[in-house]
Amino acid sequence: MSIRFDFVMHWLWAIVWALLAISGFSMVGAKYGWLLDFDYGTADYIHRISAAIFVLLTFISMFYEVFRNIRNDTSKLAWFIFGRSGYQLFTFITTLILIITGALIWICNEFDMGAVGFALLIHEYISYIALASVIWHIYKKCHALIWPKKKAIEEKVRL
C-alpha cells in the first residue's frame with residue numbers, strides 16, 4: 001500500500017494548524033488562556049515552533065504545485081492543501097496573509113509598534129475566519145467518513 005503525498009501533506013498541515021490554533025488562541029488573552037493553562041510562555045514557544053513548520057510545509061506545497069504546473073499535471077489531488085479554485089484557493093490566500101502578518105509580528109516586535117498592532121489585528125481576525133472555515137471544511141467533508149456500504153444502502157433507499 002502506497003501512501004500518497006497529498007494525503008500526508010494534508011494531515012501534517014492539519015496537525016500543525018491545530019497546534020497553531022490552540023497556542024495562538026491561548027495567547028489572545030484571558031478569554032482563551034485556559035487552553036494552555038494560562039502559560040503564555042509555553043504557548044508562545046509552541047506557536048513559534050509550529051509556525052516555522054507551517055511555513056516549511058506551505059513552501060513545500062507551493063513548490064510542488066509549481067512543479068505540477070510545469071509538468072502540465074492536471075490531475076486532481078483530493079487531499080492537497082492548495083489548488084486553483086474553491087476552498088483550496090481560499091486556504092492559500094488566508095495562509096499567505098497569516099504568514100505575512102505573523103512574520104511582521106515576529107520581526108517588527110521591537111521596532112514599529114504601529115505595524116505590529118495592525119498585523120496583530122489582521123492576524124487575529126483572519127485566524128477566526130480560518131477557524132470557521134476549518135469547521136465548515138470538516139462539516140462538508142464528513143461524507144468521506146461514511147462507510148461505503150452504508151452510503152450505498154442510503155442511496156438505494158432514496159431511489
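User: How do the axes of helix α1 and helix α2 cross?
Analyst: The axes of α1 (residues 5-27) and α2 (residues 40-70) cross at roughly 150° and come within 8 Å. Axes are lines fitted to C-alpha atoms, for helices over the stretch in contact, with angles from 0 to 180 degrees between N-to-C directions; helices are DSSP runs (H or I, at least four residues), numbered from the N terminus. This is a predicted model, where local features need pLDDT of at least 70, side-chain atom pairs pLDDT 80 or more, and totals for chains, interfaces and linings use all residues. Residues are numbered from 1 along each chain as its sequence is written, and side-chain values use heavy atoms, without hydrogens and water.

User: Where does S61 lie?
Analyst: S61 is part of helix α2.

User: Is S61 buried or exposed?
Analyst: S61 has a relative accessible area of 0%, so it is buried (under 20%, with a 1.4 Å probe and protein chains only).

User: Which residues does S61 contact?
Analyst: Beyond its neighbours within four places in sequence, S61 is in contact with M9, F80, I81 and F82 (heavy atoms within 4.5 Å).

User: Now α4: how do the axes of α1 and α4 cross?
Analyst: Helix α4 spans residues 113-140, and its axis comes within 12 Å of that of α1, crossing at roughly 135°. The two helices are therefore oblique to each other.

User: Which residues make that contact?
Analyst: From α1 they are H10, W17 and F25, and from α4 they are S127, Y128, A130, L131, V134 and H137.

Conventions
Buried means under 20% relative accessible area, exposed over 50%, partly exposed in between (1.4 Å probe, protein chains only). Angles under 35 degrees count as roughly parallel, over 145 as roughly antiparallel, 65 to 115 as roughly perpendicular and the rest as oblique.
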